[in-house]
Amino acid sequence: MVKVKDVLIRGLHNLRPEHRGCVATIGAFDGVHLGHQAILTQLRARAEYYQAPSMVMMFEPQPREYFSREKAPARLMRIREKIDALLHAGVDRVFCLQFNQSLRSLSAQEFVEQVLVQGAGIRSLVVGDDFHFGRDRRGDFDMLVQTGERDGFEVLETHTVEHEGERVSSTRIRGELEAGRFAQAETLLGKPFCIEGRVVYGQQLGRQFGVPTANVNLHRYRAPLQGVFAVEVVFNGARVPGVANVGVRPTVGDLVKPVLEVHLIDWQGDLYGQRVAVEFKYKLREEKKFSDLDELAENIQQDIVAARQYFTTRSNTKMEKSSSC
């Protein structure tokens with residue numbers, strides 16, 4: 001297995017001579033959805049043509065997060081999930097540039113010269129025709145084509161992927177998640193939507209109600225969805241149904257940034273320190289502020305009953321479909 005540290009390049013200063021001569025693309029790749037996967041297929045094909053490594057270039061924080069912080073769109077993935085997904089998709093290297101005052105001050109021409117030509121020494125660049133970059137976003141696709149002709153690299157337009165007549169995008173997927181349409185989000189992502197992370201210690205408030213929860217840090221300004229959900233928790237080869245809450249716990253009132261808390265139904269054990277993937281299946285309700293902890297506990301029990309019913313119904317439906325084949 002390739003270690004992330006062997007393929008992740010952090011910052012322009014960490015580019016080495018052996019990193020030059022790649023085929024690259026630039027973007028946020030949030031979600032690594034079907035549209036992104038088409039770009040990566042195009043990237044790998046061009047890399048094979050040149051017999052050169054493929055590289056995805058991205059920025060941390062994302063530019064809209066740098067300028068807008070909490071008002072920026074919620075991330076579908078945190079950076080570790082994204083890197084893992086890119087490597088799983090066959091990308092050879094991920095080049096992560098810190099988006100800061102110095103980088104944002106570069107003109108489009110300076111960005112091309114310092115980063116793409118002198119730094120990465122690209123042979124081919126795959127980007128969309130609506131791509132803009134550089135100070136005041138003055139760099140565009142046409143400028144890249146002209147510069148590439150001069151500096152010896154080609155520029156290719158990315159392929160657009162549509163589903164039901166509409167472009168597949170991270171924005172569209174966020175809308176599906178906010179509406180609780182997880183089957184549609186899964187279609188656009190090419191996989192179930194999940195949040196991955198390491199289980200950490202919380203206040204253990206759930207244990208007081210007899211429903212211990214695994215707490216997973218979101219590591220992002222905002223969550224792409226909020227509420228109470230029926231989920232499946234995947235860890236160590238196991239897949240366990242559960243109830244998850246994503247939000248700020250308004251009844252307790254102790255949070256500013258949202259957290260993910262999940263109770264595993266009919267499961268006992270210790271998950272502290274383990275990495276888990278929480279797959280979202282069905283929205284049970286919105287997050288609410290209750291009058292006291294007793295009312296909160298009562299509603300948690302109702303959520304567990306509702307989740308059990310969801311998984312039972314889904315299981316019966318699968319069995320009916322199987323028996324009719």
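In the protein chain, 72% of the contacts with a separation of 6 or more are between residues 24 or more positions apart; a contact means heavy atoms within 4.5 Å. This is a predicted model, in which local features need pLDDT of at least 70 and side-chain atom pairs count only at pLDDT 80 or more, while totals for chains, interfaces and linings use all residues. Residues are numbered from 1 along each chain as its sequence is written, and side-chain values use heavy atoms, with hydrogens and water left out.

The C-alpha atoms of the protein chain fill a box of roughly 70 × 50 × 40 Å, taken along the principal axes. The chain has 325 residues, and buried residues make up 48% of them. Buried stands for under 20% relative accessible area, exposed for over 50%, and partly exposed for what lies in between, with a 1.4 Å probe and protein chains only. The secondary structure comes to 11 helices and 14 strands. Both kinds of element are DSSP runs numbered from the N terminus, helices being H or I with at least four residues and strands being E with at least two.

The largest pocket holds about 1600 Å³ of space. The elements that give two or more residues to its lining are β2, α2, β3 (54–60), α3 (63–68), α5 (101–104), β5 (124–127) and α8 (170–178). The lining counts 49 residues, and Gly-27, Ala-28, Phe-131, His-132 and Arg-137 are those nearest the centre of the pocket. A pocket is found on a 1 Å grid over the protein atoms alone: it is an open set of points where a 1.4 Å probe fits, with protein on both sides within 12 Å along at least five of seven lines, and lining residues have an atom within 4 Å of a point. Grid points are joined across faces, edges and corners, and the volume is the space filled by probe spheres set on the points.

Two residues of the loop between β2 and α2 can be looked at in turn. Phe-29 lies in this loop and has a positive phi of about 50 degrees although it is not a glycine. Most residues other than glycine have a negative phi, and most peptide bonds are trans. Phe-29 counts as buried, at 3% relative accessibility. His-33 is in the loop between β2 (23–26) and α2 (34–50) as well, and is buried with a relative accessible area of 3%. Leaving out residues up to four places away in sequence, His-33 touches Val-168, Ser-169, Ser-170, Ile-173, Leu-188 and Leu-189.

Ser-170 and Ile-173 are among the buried residues of α8, together with Arg-172, Arg-174, Glu-176 and Leu-177. The buried residues of this helix pack against α2, β7 (162–163), β8 (166–167) and α9 (182–189). An α-helix has 3.6 residues a turn, so residues three or four places apart point the same way. Leu-177, in helix α8, counts as buried at 1% relative accessibility. Beyond residues up to four places away in sequence, Leu-177 touches Leu-76, Phe-182, Ala-185, Phe-193, Pro-224 and Leu-225. One of these, Phe-193, is 16 residues from Leu-177 in sequence and 8.5 Å from Leu-177 in space, C-alpha to C-alpha. After α8 comes Gly-180, with a positive phi near 75 degrees.

Next comes the barrel. Six strands form a closed barrel with antiparallel pairing, in the order β9-β10-β13-β12-β11-β14. Neighbouring strands of this sheet are turned by 45 degrees against each other on average, direction ignored. The axes are lines fitted to C-alpha atoms, for helices over the stretch in contact, and angles run from 0 to 180 degrees between N-to-C directions. Two strands pair if DSSP finds at least two bridges between them. Strand β9 (residues 194–200) pairs with β10 (residues 214–216) over two bridges in the antiparallel sense, and Val-199 has Val-216 in β10 as its bridge partner. In the loop between β11 (227–235) and β12 (238–247) lies Asn-236. Its phi is positive, near 50 degrees, in a residue other than glycine, and Asn-236 is exposed with a relative accessible area of 67%.

Some single features remain. The peptide bond from Glu-60 to Pro-61 is cis, with omega near -10 degrees, and Pro-61 is in the loop between β3 and α3. A search of the whole structure finds zero disulfides, a disulfide being a pair of cysteine sulfur atoms within 2.5 Å. Cys-96 is in no disulfide, and the nearest cysteine sulfur, that of Cys-22, is 15 Å away. Cys-96 is buried at 5% relative accessibility, and Cys-194 is buried with a relative accessible area of 18%.
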